[in-house]
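Open the model in your viewer and keep the selection panel at hand.

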Amino acid sequence: MRALVKTRPGPGLELIDVPEPVPGPMDVKIRVLRAGLCGTDLHLEGWDDWAASVVRTPLVVGHEFYGEVVEVGEDVTNISPGQRASGEGHIVCNTCRNCRAGRRHLCINTQGIGVNRDGAFADFVVLPATNVWVQPDDLDPDLGAVFDPLGNATHTALSFPMAGEDVVVTGAGPIGVMAVALARHVGARYIAVTDMSDYRLSLAKAAGADITINPASANLGVAMRDLGMKEGFDIGLEMSGAPSAVADMLDHMNHGGRVAMLGLPKDPFPINWGKVITHMITIKGIYGREMYDTWYAMSSMLSTSPRLREAVTSVITHRVPAENWQDAFAAARSGEVGKVIMDWS
Ligand code: NAD
Ligand code: ZN
């Protein structure tokens, strides 16, 4: 089969022929139809310190995907060939304290598909049956391929009740834009979004943002003034990983505000703890998706809301055949994109 492989330590990837993966008794083999590019894949391709510290070659990369089940292991009873599915890319140990308590997203031994084991930028991927999310037959394959990042957005957006609240999203990457769509869906009042890229701010606006701010020329105080807000934001969703974005957010939270942090900063950085304390702000870190409450919630919301489906799909700006994977990576690196999808069908 074709696969996009990190064949040896160092920058680059190669599209080569490799043997098809073989499912174990509890595994499912999926023919990949679509796969989404994520910042993680760019780190792996570029081979930064993080990539060098986690990857053992050879490795098939990629973890955002949608496809068709073609084979199930002999002990798998709830999934059948022919079904369409997306996959949860975090494989948990089932033995640590949190796993045994049913809190699988808090597993201390999480392994990532396409990072610690072979992934989905390939004609076929094998994963445990428990990680397979069977999709309705009529789901748009492109939408099926963004369930992983949509799950990040959903996990973050549903961390705190949002109905009637004023929400700020820092960072309008694909996940920030999807978080805007979700905040609109669950009933936020005002949604303000910041990003350095006007292109990405326009995607956020299309997904339902009331006001967008480019920190090069303004801060969230301007958003509050233009929206007629007097007291500060109730909910913050941090989706940039940028220290200055966190500072601007914390400066404009209401007393008792709640902040969910998804963006991964490159390095440790200081924040205004005096503000957090005197404003009694709650800060919650978010990693991955809750297994499988997040998956249930996003599937349910999408199934009943054409508007949400449209807003989430609008984040997909580039569709590239797998053979042209270099174009897909170049587009993703340019920053003038939403989500880039590779077509493996
Ligand atoms: P992305 O890199 O495409 O988007 C980040 C956006 O933040 C970019 O559009 C960038 O222009 C913007 N930004 C940079 N500096 C900013 C600033 N000072 N103010 C406002 N915006 C600024 O990433 P994504 O795929 O949308 O993911 C969002 C973040 O979440 C990234 O940091 C990513 O690493 C992280 N992430 C975390 C998890 C998790 O489980 N915690 C999972 C996936 C991604
Ligand atoms: Zn565990």
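A polar contact here is a pair of N or O atoms within 3.5 Å. Keep that cut-off in mind for the first stops. The model is predicted.

**Stop 1: the ligand**

Select ligand 1, then the side chain of Arg 200. An N or O atom of that side chain lies 2.8 Å from an oxygen atom of ligand 1. Next, pick Ile 286. Here a polar backbone atom is 2.8 Å from a nitrogen atom of the ligand. Then go to Pro 174, where a polar backbone atom sits 3.3 Å from a ligand oxygen. How much of ligand 1 does the protein bury? Taken alone, the ligand exposes 850 Å², and the protein buries 78% of that.

**Stop 2: around the ligand**

Now show the residues around ligand 1. There are 21 of them. Colour the five that come nearest: Ile 175, Asp 195, Arg 200, Ile 286 and Gly 288. Arg 200 and Ile 286 return from the previous stop.

**Stop 3: the two domains**

Zoom out. Colour 2-146 together with 315-343 as domain 1, and 154-285 as domain 2. Their centres, taken over C-alpha atoms, are 29 Å apart.

**Stop 4: the interface**

About 690 Å² is buried between the domains, with carbon and sulfur atoms giving 68%. Highlight Val 315, Glu 336 and Val 337. These three supply 50% of the area that domain 1 buries against domain 2, more than any other three residues.

Which polar links cross the interface? The count is 2 residue pairs in polar contact, with 0 salt bridges.

Technical notes: Residues numbered from 1 in each chain as written. Chains lettered and ligands numbered in written order. Predicted model: local features only at pLDDT ≥ 70, side-chain atom pairs only at ≥ 80, totals over all residues. Heavy atoms only, no water. Domains from an automatic or database assignment. Buried area = accessible area lost by both parts, 1.4 Å probe. Salt bridge = Lys/Arg side-chain N within 4 Å of Asp/Glu carboxyl O. Polar contact = N/O pair within 3.5 Å; in protein donor to acceptor, adjacent residues only side chain to side chain. Near = heavy atom within 4 Å. Areas by Shrake-Rupley, 256 points an atom, 1.4 Å probe, with all protein chains shown as cover.
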